[in-house]
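Hello,

Here is the structure I said I would pass on. Please open it alongside this message; my notes follow below it.

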Amino acid sequence: MLKTIAVMTSGGDSPGMNAAIRAVTRTALHQGVKVWGIRGGYHGMLDGEMFEMQSKDVSDIIQRGGTFLGTARCKRFNTPEGRMLGYKNLVDRGIQGLVVIGGDGSLRGASILSQETGIPIVGLPGTIDNDVWGSEYTIGCDTAANTIIDAINKLRDTASAHRRIIVLEVMGRNSGWLAMVTGISGGAEYILVPEEEYDLDEICADMKEQYDKGKRYILVVVAEGAGKGYEVGKAIMEKTGRDTRVSKLGHIQRGGSPSVIDRVNASKLGEHAALALISGLSDIVFGFDRGHVVSINLHDAVNNKKKLNPELIRLSKILA
């Protein structure tokens, strides 16, 4: 049984990370285990920016977006020398195991560190893209989706008033989950995702036909990995002759107070991670399958690509 563990957040921030940190910390303390917080992700691990946490350190954070530990991307960690320095900093503080909260890149780094040093590591999927293999949910995806829906609701008002075509670009470089679920729930006529090819000429011809039949406005949601919103909007305006406007939400999608779902799910995952790590388990990621917390092999999670649910793609075409 481990006596001292650490927790860190890495990569892009996502709402609910604080809830996960809080759950890891208080679960470990409840078990009589010391907990260290690592500031600034792998960068902080290499620079020794760590502190022992008490229960009060995670008070008043569950409602806050982002991560109070901070996060950063670290090129030095990509080298064997960098990883060994990080490992040495952990060992020097008596840290025997690590909880890493982050997306695909962060979990991949954790997997390599575990393989090279043998330190027990448990991962939690923290990314708004909901693209970690083996889990139907990732921390922050629900809040981000609701942020996008709020924007869609507002864009509808001005689109209808001016009979415009609105193109909304959302995050999702390699995954179209955010675009798909928000497009469906926001009533978008077209949803462009990197997982599926599309014909913009065919789409524009269909748009012209819809306007000829009396359509007042059209909403297009495009994941950044499927095309730049500005370029898509420019092409649509040129091909249809219709007034077209483009909105790009950018990093506003990462922020905001986490939803109830993200707070509760992140808390559940944090508890499971702490208990598993303390008991000596390693190289696993905790996620959700059909609403239940499940463990996923860390190696499998980072070496397999999560596919967009084909049922969502089918539904989006039927409801368009």
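Ser 135 counts as buried, because its relative accessibility is 3% and the cut-off for buried is under 20%. Keep in mind that this is a predicted model. Ser 135 sits in the loop that links S5 and H5. Leaving aside residues up to four places away in sequence, Ser 135 touches Asn 130, Gly 287, Phe 288, Ile 296 and Lys 306.

**The sheet**

Next, the sheet. Seven strands make it up, in the order S3-S2-S1-S4-S5-S10-S11. The sheet is open, and its pairing is mixed. S3 (50-53) and S11 (292-297) are the edge strands, each pairing on one side only. From one strand to the next, the twist averages 30°.

Where does the antiparallel pairing of S11 come from? Its partner is S10 (residues 284-289), and the two share six bridges in the antiparallel sense. Within that pair, Asp 289 has His 292 in S11 as its bridge partner.

**Strand S1**

Is S1 enclosed or open to the outside? S1 covers residues 4-9, and six of the six are buried, so the strand is largely enclosed by the rest of the structure. In a regular strand the side chains alternate between the two faces of the sheet. Both faces of S1 are covered. Thr 4, Ala 6 and Met 8 are buried on one side. Ile 5, Val 7 and Thr 9 are buried on the other.

S1 has a parallel pairing with S2 (residues 34-38), over four bridges. In that pairing, Thr 4 stands opposite Lys 34 of S2. To get from S1 to S2, the chain passes through helix H1 (residues 17-30), and this β-α-β crossover is right-handed.

S1 also pairs with S4 (residues 97-102), again in the parallel sense, over five bridges. Here Thr 9 has Ile 101 in S4 as its bridge partner.

**Helix H6**

Now the helices. Seven of the nine residues of H6 are buried, so this helix is largely enclosed by the rest of the structure. The buried ones are Trp 177, Leu 178, Ala 179, Met 180, Val 181, Thr 182 and Gly 183. What do they pack against? Two helices are on the list, H5 (141-162) and H11. So are the strands S6 (165-170), S7 (190-192) and S8 (218-223). Just after H6, Gly 187 takes a positive phi of about 75°.

**H6 against H11**

Two packed helices are described by the angle between their axes and the distance between the axes. For H6 (residues 177-185) and H11 (residues 310-319), the axes come within 10 Å and cross at roughly 35°. That crossing is left-handed.

Which residues meet there? From H6 come Met 180, Val 181 and Ile 184. From H11 come Leu 312, Ile 313, Leu 315, Ser 316 and Leu 319. By type, the contact has seven nonpolar residues, one polar and no charged.

Best wishes

Technical notes
Residues numbered from 1 in each chain as written. Predicted model: local features only at pLDDT ≥ 70, side-chain atom pairs only at ≥ 80, totals over all residues. Heavy atoms only, no water. Buried < 20%, exposed > 50% of the residue type's maximum accessible area, 1.4 Å probe, protein only. Pairing = 2+ DSSP bridges. Right-handed = clockwise from strand over helix to strand, strands pointing away. Axes fitted to C-alpha atoms, helices over the stretch in contact; angles between N-to-C directions. Left-handed = near helix turned anticlockwise from the far one by under 90°. Contact = heavy atoms within 4.5 Å. Nonpolar A, V, L, I, M, F, W, Y, C, P; charged D, E, K, R; others polar.
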